[in-house]
Amino acid sequence: MADGNEVRDDRYYSKTHEWILIEGDAAKIGMTDYAQEQMSELVYAELPAVGKKYQQGDLFGQVESIKTVAAVNCPADCEVMEINSEIMNDPLIINQSPYDKGWFAVVKIDKPDLSNLLNPEEYRKHIGL
């Protein structure tokens, strides 16, 4: 299991603990290491719909642990191109590898607006590291 303290320097973060990794005109979106640690052992993951467009801040998915249920919010305006169905079958992947194997979706971003997101240093301060 990840320890909750990893913040990668190659992506942006939301105050609600989602990350986005920009890869050209596409991006991957997932849940931060800090968030998965706070939730504890995940038992369920609901992902966004392929082909659906989302606005920044929209409900993008949901995760459930033995302790609580949490919303996953969309960190940018986008259209979902692909989802990671492996985490629907085994949500513990998010706990074990939130940045590599535990991503939620690959999205297409027309005009990336990162102004409401935190850079890695700002996110570290946000979570008290």
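This briefing describes the strands, salt bridges, surface patches and backbone angles of one protein structure.

The structure is a predicted model, in which local features need pLDDT of at least 70 and side-chain atom pairs count only at pLDDT 80 or more, while totals for chains, interfaces and linings use all residues. Residues are numbered from 1 along each chain as its sequence is written, and side-chain values use heavy atoms, with hydrogens and water left out.

**Strands and sheet**

- Helices (H or I, at least four residues) and strands (E, at least two) are DSSP runs numbered from the N terminus, and two strands are said to pair if DSSP finds at least two bridges between them.
- Strand 2 (residues 18–23) and strand 3 (residues 26–31) are paired in the antiparallel sense over 6 bridges, and I20 stands opposite I29 in strand 3.
- Strand 6 (residues 59–65) runs antiparallel to strand 7, to which 5 bridges join it, and a hairpin connects strand 6 to strand 7 through 3 residues.
- Within the pairing of these strands, G61 stands opposite V72 in strand 7, and V63 has A70 in strand 7 as its bridge partner.
- Strand 4 and strand 6 also run antiparallel and are joined by 4 bridges, with Y44 standing opposite E64 in strand 6.

**Salt bridges**

- A salt bridge is here a side-chain nitrogen of Lys or Arg within 4 Å of a carboxyl oxygen of Asp or Glu.
- The side chains of R8 and D100 meet in such a salt bridge, at 2.8 Å from N to O. R8 lies in the segment before strand 1 and D100 in the loop between helix 3 (92–96) and strand 9 (105–108), so the pair ties together parts that are 92 residues apart in sequence.
- D100 is partly exposed, with a relative accessible area of 44%; for this scale, buried means under 20% relative accessible area, exposed over 50%, and partly exposed in between (1.4 Å probe, protein chains only).
- E6, R8 and D100 are linked in a network of salt bridges.
- R124 and D9 form a salt bridge through their side chains, at 2.7 Å from N to O. This pair links distant parts of the chain, with R124 in helix 4 (residues 120–126) and D9 in the segment before strand 1, 115 residues apart.
- D9 counts as exposed, at 61% relative accessibility.
- R124 also forms a salt bridge with E121, the closest N and O atoms being 3.7 Å apart. R124 and E121 are 3 residues apart in helix 4, so about one helical turn separates them, and E121 counts as partly exposed at 44% relative accessibility.

**Surface patches**

- Patches are made of residues with over 30% relative accessible area and no salt bridge, where like charges are joined within 9 Å and nonpolar side chains (Val, Leu, Ile, Met, Phe, Trp, Tyr) within 5 Å.
- Accessible areas come from the Shrake-Rupley method with a 1.4 Å probe, and for residues only the protein chains shown count as cover.
- For charges, Lys and Arg count as positive and Asp and Glu as negative, with His and the chain ends not counted; the place of a charge is taken as NZ of Lys, CZ of Arg, CG of Asp or CD of Glu.
- D25, D77, D110 and D113 form a negative surface patch. D77 is found in the loop between strand 7 (69–73) and strand 8 (78–83) and is partly exposed, with a relative accessible area of 38%.
- V43, Y44 and I66 form a nonpolar patch on the surface, and together they have about 280 Å² of accessible area. Y44 has its place in strand 4 (residues 42–46) and counts as partly exposed at 35% relative accessibility.

**Backbone angles**

- Most residues other than glycine have a negative phi.
- H17, a residue other than glycine, has a positive phi near 75°, and its place is in the loop between strand 1 and strand 2.
- S40 has a positive phi of about 80° although it is not a glycine. S40 sits in the loop between helix 1 (33–39) and strand 4 and is partly exposed, with a relative accessible area of 27%.
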